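Let's take a friendly walk through this protein model, one region at a time. Keep the picture in view as you read.

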Amino acid sequence: MWRDKLSRFGLIALATDLTIEGDAIRLLPEGCRLHVTRIEFDNPTTAENLRKTGPRLRAAADILVPGVELKGIGFACTSASAVLGPKVQEAIGDRAPVTTPAGAALRSFAALGVERVALMTPYMQEASDLVGDYFAAHGMDVVSRHAMGYADDRDMALLPPEEVIRFALDSDHSDAEALFMSCTSLPAVSVIEEIEAELGKPVLSSNQVLFWSMLDIAKIPATGLGQLFKVRTW
């Protein structure tokens, strides 16, 4: 009988995301494999376009390596998962534990004991508030919200590291216990530790919390970037 020695995860990414696979390589440990499928996404990043991703999730989940056991399935869009909430799980089904960046952020805040957070996003303010309001509705004190003003996630993905760092530092707030950098397209993972060193507090990004949470739920030990990867809940 065929036995798989690898821990396999599925990921549903947006068609326009240029960042997620590269971050997965940085964050998933040896012995894990990521299988990615994509869904159509209509820029600009507005609430209306984000809601359109919901009906596309089921078909995408169905073609994720059919018949193969998955340790988890991630949906790689922070703002869409904030808008859709539990509808993501309903659409994908119960083949494996489902994780979203918005839900993973809440799980990460709890694991770190964080109650007050500063929010940085590359979005227009409307989309930024969708994420901030989601956090607030789930009990977080969002002490500040800063949006970079980009409408297209392909533009967000091409931001240089120095611009991400500069805006992250400007987005912090003295009352915040952590800084969250939203968007799976944002190239933030590689600069997390540099920003943490400057701020002296946990710095989280969408892709970091997504993969940390998927691994933590599966009880797979991993070392990754940032203070979050030093924490386990099991």
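Helix α10, made of residues 192-199, lies across β7 and β8 and runs at about 150 degrees to β8. Another helix, α9 (residues 161-171), lies across β5, β6 and β7 (178-181), at about 145 degrees to β5. Keep in mind that this is a predicted model.

**The sheet under these helices**

In what order do the four strands of the open sheet stand? The order is β6-β5-β7-β8, and the pairing is parallel. Strands β6 (141-147) and β8 (203-205) are at the edges with a single partner strand each, so one side of each has no neighbour in the sheet. From one strand to the next, the twist averages 20 degrees. What holds strands together in general? Strands of a sheet pair through backbone hydrogen bonds, either parallel or antiparallel. Here, β5 (residues 116-121) pairs with β6 in the parallel sense over six bridges. You can look for Arg116, which stands opposite Asp141 in β6.

**The nonpolar cores**

The largest nonpolar core has 60 residues, and those touching the most other members are Phe109, Met120, Phe135, Leu179, Phe180, Met181 and Ile195. The largest share of this core, six residues, is supplied by α11. Take Ile195 as an example: not counting residues up to four places away in sequence, Ile195 touches Ile165, Ala168, Leu169, Leu179, Met181 and Val203. There is also a second, separate core of 20 residues, with Leu70, Cys77, Val88 and Ala96 among them.

**One side of a helix**

Now turn to helix α1 (residues 20-27), whose buried residues are Ile20, Asp23, Ala24 and Leu27. These residues cover an arc of only 105 degrees around the axis, so they sit on the same side of α1. What covers the buried residues of α1? The cover includes β1 (7-14), β2 (32-39), β3 (72-76) and α11 (206-217).

| Residue | Relative accessible area | State |
|---|---|---|
| Cys32 | 7% | buried |
| Cys183 | 8% | buried |
| Thr99 | 5% | buried |
| Asp62 | 46% | partly exposed |

Start with the cysteines. A disulfide is a covalent bond between the sulfur atoms of two cysteines. How many disulfides are counted in this model? The count comes to zero. Cys183 is in no disulfide, and the nearest cysteine sulfur, that of Cys77, is 7.0 Å away.

Thr99 is found in strand β4 (residues 98-99). Is Thr99 buried or exposed? At 5% relative accessibility, Thr99 is buried, because buried means under 20%. Leaving aside its neighbours within four places in sequence, Thr99 is in contact with Ile73, Gly74, Phe75, Ala104, Leu210, Ser213, Met214 and Ile217.

Asp62 is found in helix α3 (residues 57-62). With 46% relative accessibility, Asp62 counts as partly exposed. Asp62 and Glu196 are 134 residues apart along the chain, and their C-alpha atoms are separated by 39 Å.

How values were computed:
Residues are numbered from 1 along each chain as its sequence is written. This is a predicted model: local features need pLDDT of at least 70, side-chain atom pairs count only at pLDDT 80 or more; totals for chains, interfaces and linings use all residues. Side-chain values use heavy atoms; hydrogens and water are left out. Two strands pair if DSSP finds at least two bridges between them. Helices (H or I, at least four residues) and strands (E, at least two) are DSSP runs, numbered from the N terminus. Axes are lines fitted to C-alpha atoms, for helices over the stretch in contact, and angles run from 0 to 180 degrees between N-to-C directions. Contact means heavy atoms within 4.5 Å. Buried means under 20% relative accessible area, exposed over 50%, partly exposed in between (1.4 Å probe, protein chains only). The arc is that of the directions from the helix axis to the C-beta atoms. A nonpolar core is a set of buried Ala, Val, Leu, Ile, Met, Phe, Trp, Tyr and Cys residues joined through side-chain atoms within 4.5 Å. A disulfide is a pair of cysteine sulfur atoms within 2.5 Å.
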